[in-house]
Amino acid sequence: MSLRSSSQAFTLIEMLVVISIIVLLISISLPSLSKSKRAARAAICLANLDQLHAAQLGYADDNSGRTKDLTHAFGNYWHHSLARYLGDTAYRTNPNQNQWKQGPMSVLACPEAIRPPTGGPGSVDTVWNWGGGGQGSYGANLWMFPRYKEYDADFRFPRHGFYPTLGAGGSDTPLFGDCNWVGGWPLDVDTLPPDLYWGYFVHEIGYFMGRFTLDRHDRSVQLAFADGSARRIQIGDLWQQMWHRGFNFSTVAVP
């Protein structure tokens with residue numbers, strides 16, 4: 001009786017030890033697995049940006065090297081115009097069916113942005129919802145898009161700052177990137193927002209860069225550049241990119 005009890009007790013202790021070891025191994029491996037998953041999502045994000053650049057290049061090839069005229073007309077913003085180059089011919093006239101979740105137009109959303117839109121602008125993990133149709137989590141550097149009449153007399157957007165063609169930009173000229181809106185006109189005088197989850201969503205000097213300052217990739221954002229490259233940069237280094245043709249680099253500290 002006593003031998004049997006001792007044997008059963010030993011087996012129970014042994015099982016508890018094994019369970020403890022398994023729990024310990026899981027606790028050790030979870031951060032590593034989480035890091036691996038984030039790295040995989042970041043890789044998909046860069047691939048999405050590569051595809052957006054390729055689509056923009058296709059559009060430019062068909063339009064004398066130009067990106068496109070900027071307009072707020074329904075079905076004619078940059079993501080609508082690039083849809084057929086991404087493989088979705090119906091999107092331009094039917095852009096409100098949650099295509100950011102699946103299908104060709106899912107390249108508009110970073111895998112880190114998994115929450116559906118709550119209104120207009122997005123956040124680190126929420127996609128934006130553009131009033132003219134469509135959702136996503138990337139924005140365009142609108143200095144890469146020619147001016148349009150609404151801003152002809154607007155001192156915030158001087159004509160000399162715009163890139164006339166896609167080829168006029170270089171390896172340090174952002175084209176698309178992580179953003180809380182469809183795009184913006186970053187200026188060297190723009191300030192760092194205090195909240196890197198939401199960024200800024202103010203249509204005014206001092207705030208445009210804040211649309212791109214999202215802590216989506218461990219204090220970094222990912223950008224596709226005019227030359228076709230795509231890479232991750234630290235949030236503070238956004239002020240070290242040639243957003244427009246007169247951009248003055250500056251040093252910005254990110255807490």
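The structure is a predicted model, with a chain average pLDDT of 89. It holds nine salt bridges and zero disulfides. Strand β6 (residues 220-225) has six of its six residues buried, and β6 pairs with β4 and with β7.

**Confidence**
- A pLDDT of at least 70 is reached by 87% of the residues.

**Cysteines**
- No disulfide is present in the structure. Cys45 takes part in none, and the nearest cysteine sulfur, in Cys110, lies 3.7 Å away.
- That separation of 3.7 Å is too far for a bond between Cys110 and Cys45, because a disulfide requires the two sulfur atoms to be within 2.5 Å.
- Cys45 is buried, at a relative accessible area of 0%. Cys110 is also buried, with 2% relative accessibility.

- The side chains of Arg41 and Glu112 form a salt bridge with an N to O distance of 3.0 Å.
- Arg41 belongs to helix α1 (residues 2-61), while Glu112 sits in the loop between α3 (83-86) and β1 (128-129), so this pair ties together parts 71 residues apart in sequence.
- Arg41 is partly exposed, at 27% relative accessibility, whereas Glu112 is buried, at 11%.
- Arg41 and Glu112 also belong to a network of salt bridges that links them with Arg38 and Asp218.

**Other salt bridges**
- Asp125 and Arg115 form a salt bridge in which the closest N and O atoms are 3.0 Å apart. Both residues lie in the loop between α3 and β1, so the pair ties together parts that are ten residues apart in sequence.
- Asp125 is buried, with a relative accessible area of 17%, and Arg115 is partly exposed, at 47% relative accessibility.
- Arg219 and Asp215 form a salt bridge with the closest N and O atoms 2.6 Å apart. Arg219 is partly exposed at 35% relative accessibility, and Asp215 is partly exposed with a relative accessible area of 24%.

- Because six of the six residues of β6 are buried, the strand is largely enclosed by the rest of the structure.
- In a regular strand, side chains alternate between the two faces of the sheet. In β6, Ser220, Gln222 and Ala224 point one way, and Val221, Leu223 and Phe225 point the other way. All of these residues are buried.
- Strand β4 (residues 174-178) pairs with β6 in the antiparallel sense, over three bridges. Within this region, Gly177 has Leu223 of β6 as its bridge partner.
- Strand β7 (residues 230-234) runs antiparallel to β6 and is joined to it by five bridges. Ser220 has Gln234 of β7 as its bridge partner.
- The hairpin of β6 and β7 has four residues between the strands, and in this hairpin Gly228 takes a positive phi near 105°.

Methods:
Residues are numbered from 1 along each chain as its sequence is written. This is a predicted model: local features need pLDDT of at least 70, side-chain atom pairs count only at pLDDT 80 or more; totals for chains, interfaces and linings use all residues. Side-chain values use heavy atoms; hydrogens and water are left out. Buried means under 20% relative accessible area, exposed over 50%, partly exposed in between (1.4 Å probe, protein chains only). pLDDT is the predictor's confidence in each residue, from 0 to 100. A salt bridge is a side-chain nitrogen of Lys or Arg within 4 Å of a carboxyl oxygen of Asp or Glu. Helices (H or I, at least four residues) and strands (E, at least two) are DSSP runs, numbered from the N terminus. Two strands pair if DSSP finds at least two bridges between them.
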